[in-house]
Structure formats: structure tokens, C-alpha cells
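Visitor: I would like to go through the labels on this model one by one and hear what each of them rests on.

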Amino acid sequence: MTTVPKRRIGTSGPEVSVLALGSWHTYDRMDFHDGAALLRRAVDAGIDLFDVGVYGGVPLDESGKIHHSFTDVIFGRLVEHAGIAREDYRLSEKLWLEPWPQITMSAQLQRALERVGTDRADLAVLGDIRTETINYRALVLDLAEAVRSGLLGAWGVNNWSVADLRATHEAAQAEGVPGPQLAQLKYSPCRRAMADDPEYRALLAETGISLQASDVFEGGMLAGRVGSDRVVGRDPGGVRERIAAVAPRLREIAAGWDATPAQVAVAFGLAHPATATVLFGASRMEQLEDNLGALDLLERVGAEPLRAAVDELWVDQHVGA
């Protein structure tokens, strides 16, 4: 039976499973009892990091539409029904810059935790920066208060630039408060411009900030669901069509290893030297079981040979993030 190993997030974050489960529309796309069984299986396999969030109030894609979701509320009920004790999993929440600083990070987090039905988050990930300026000092002090009060264990950021991440890290150091421990970046065999940028890699190595690879299936396209009408997140760089075009080649590469495209995508995320955990969504048991097979694939093929084999699929190297 597969046992998912653990890695530490950053220099002071929690130790978590290298595979993490979550997506902004996971649990509201599932039958309730199927969802509970899936979470139970994930925990029994060693997955202990679950990513949820209050999704609604900010546009999450280029349409500008507000996509309300109760996936986090459902998650809390599923955990209870599955009999999963709070000490047996790590909760990763989302925090948003749009309502801040009028609504503090602690206030945001408190409301999010009430929806799930727990009193603390082990990790929180700050959403995209959509403004030209940000008060890094005020931000890290606000987050430090959430940590001090016991609401939050550690925090990271989502798709931030090298400059913003470095400035935030330096502001935290200057104030003597906990800094970012994780950078959640879109990262797949096709979309690599941020996480494989030499400057970004250097920053992660220098600071000890970990990578969380997210969007590894590109809305399902790299897991065999090309043409899906699912609502997915933003498309920085505008490369989604190019990703769809190379997806058949990923299937060919995977077949050569007697693997699935989803397994290659997850294994690729794990192969980055700064990766602490790979985040994926699974709404069916067979998807979860398939993704667990990425661990065996990575062990069989090796990180560098795997990365070299999918290098031809990289489509965003000239358009940035």
C-alpha cells in the first residue's frame, strides 16, 4: 500500500505530505458520501494536507465574474462524517488582498475557519496581487498577529513575482516576525516560467521558502480532459490553447512509462528541487488512486530523466507568468 512521505514547508512551517488535496471546486462537484470516502482514503494513504478557501467576492478568472463556492463548508462536514480527527490533517486556507487592510487577515481567517468548523489553520496562502503597490511591512505584521493569536501556523503566497516575494520576506526579517514559508505557483510540464526561472529558483534556495506546485493538470487538460467546460482559474500568459495542443504528446510520453498523463504531471511537480508538496484536485476515487501512482513513477524514472523527457512540452517560456 502506498504511504505518502512528508516534507517540511519552508524553514519553520509544518511537516506535510508531499501530495496535497484541494481545488476551489472539488467538494461541491461530488456526491457527499463519495467525498467522505475519498477523504478517508487520502488520509489512510498518508495525505494530510488539504487546501480549501472562501471563494467568492473576488474574480478568479479573466471574465471578472464572481464564482461563489461552498466547497470549504462541505469539506468541513465531510471530514466530520469521515471520522477524521483534527490532529490527523493539516488545513491550508486562502486569504485575499482585495479586502485588506479594511478587513484584517485575522478577521478573514476567523470567518473562513468558522465555515470549516475548526479553530486554526496550519497554513494560509495569500491570493494574487492585483494592485500596483502593497505595504509589505503592514502585511507581515498583520499576518504575525494571526500567528501570535494561534489562528495560523504559517503562511505563503500564490503566484507572486520574485520581487514581491523577496520584498515580503525582507520586510518580515526586518520586523523579526514569521515570513512567507511557501510559494504556491502554477507548475506543470507545460507551464514552468515562474518556478523554473533562475531568479525564482535562487530566491527559494536562498530563503528556504518551499514550492507548492499547483494547477498541475491545467484544469484537467493534462489529465486527459481536453475540451472540458469546467470553470478553471486564471490563465496568466494566455497559453491554455498551446497546452491543449501538446496534451496528446504528454499521453504518448506517459504511455512509454506505462503511466498516465496525470501521474507524469504530479511526478513533474515533485521533481522540482524546492517542492514541498504538489496540490491537485480529485473528485473521484479512481483519480486519487491514479495520482498516488505518481510516487512510484518518480521512483522508477528519476527526477532528471522525467524532466528531460517532458521538456518539449514547455510552452510558456517566452511569455512569462
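Guide: What follows sets computed values against the definitions behind the labels.

Guide: This is a predicted model, in which local features need pLDDT of at least 70, side-chain atom pairs count only at pLDDT 80 or more, and totals for chains, interfaces and linings use all residues. Residues are numbered from 1 along each chain as its sequence is written, and side-chain values use heavy atoms, with hydrogens and water left out.

Visitor: What makes the eight strands a barrel, and in what order do they close?

Guide: The strands close in the order S3-S4-S5-S6-S7-S8-S9-S10, with parallel pairing. From one strand to the next the twist averages 30 degrees; axes are lines fitted to C-alpha atoms, for helices over the stretch in contact, and angles run from 0 to 180 degrees between N-to-C directions. Strands (E, at least two residues) and helices (H or I, at least four) are DSSP runs numbered from the N terminus.

Visitor: How do you know that S3 and S4 pair?

Guide: Two strands pair if DSSP finds at least two bridges between them. Three bridges join S3 (residues 19-22) to S4 (residues 49-51), so the pair meets the rule. Gly22 stands opposite Asp51 in S4.

Visitor: How many bridges do S4 and S5 have, and how many do S5 and S6 have?

Guide: S4 and S5 have three bridges, while S5 and S6 have four; both pairings are parallel. Phe50 has Leu91 in S5 as its bridge partner, and Leu95 has Leu126 in S6.

Visitor: Why is strand S5 called mostly covered?

Guide: Five of the six residues in S5 (residues 90-95) are buried. Buried means under 20% relative accessible area, exposed over 50%, and partly exposed in between (1.4 Å probe, protein chains only).

Visitor: What does Arg192 touch?

Guide: Contact means heavy atoms within 4.5 Å. Leaving out residues up to four places away in sequence, Arg192 touches several residues, among them Tyr187, Phe268, Asp311 and Trp314.

Visitor: What makes the approach of Arg192 to Asp311 a polar contact?

Guide: A polar contact is a pair of N or O atoms within 3.5 Å; within protein, one must be able to donate a hydrogen and the other to accept it, and residues adjacent in sequence count only if both atoms are side-chain atoms. The two side chains make such a contact at 3.1 Å, so the distance falls within the limit.

Visitor: Why does Gly117 get its accessibility label, and why does Pro5 get its own?

Guide: Gly117 has 66% relative accessibility, over 50%, and so counts as exposed. Pro5 has 42%, which lies in between, so Pro5 is partly exposed. Gly117 is in the loop between helix H3 (105-116) and strand S6 (121-126), and Pro5 lies in the segment before strand S1 (6-8).

Visitor: Why is the pair of Tyr27 and Phe75 called tilted?

Guide: Rings of Phe, Tyr and Trp (its six-membered ring) pair if their centres lie within 6.5 Å; planes under 30 degrees apart count as stacked, over 60 as edge-to-face and the rest as tilted. By this rule there are seven aromatic pairs. Tyr27 and Phe75 are 5.4 Å apart centre to centre with 45 degrees between the planes, so they pair and are tilted. Tyr27 lies in the loop between S3 and helix H1 (32-45) and Phe75 in helix H2 (residues 71-82), so the pair ties together parts 48 residues apart in sequence. Tyr27, Phe50, Phe75 and Tyr89 form one aromatic cluster.

Visitor: What makes the phi of Asn159 worth a note?

Guide: Most residues other than glycine have a negative phi, and most peptide bonds are trans. Phi of Asn159 is near 55 degrees, a positive value. The bond joining Trp100 and Pro101 is cis, with omega about 10 degrees.
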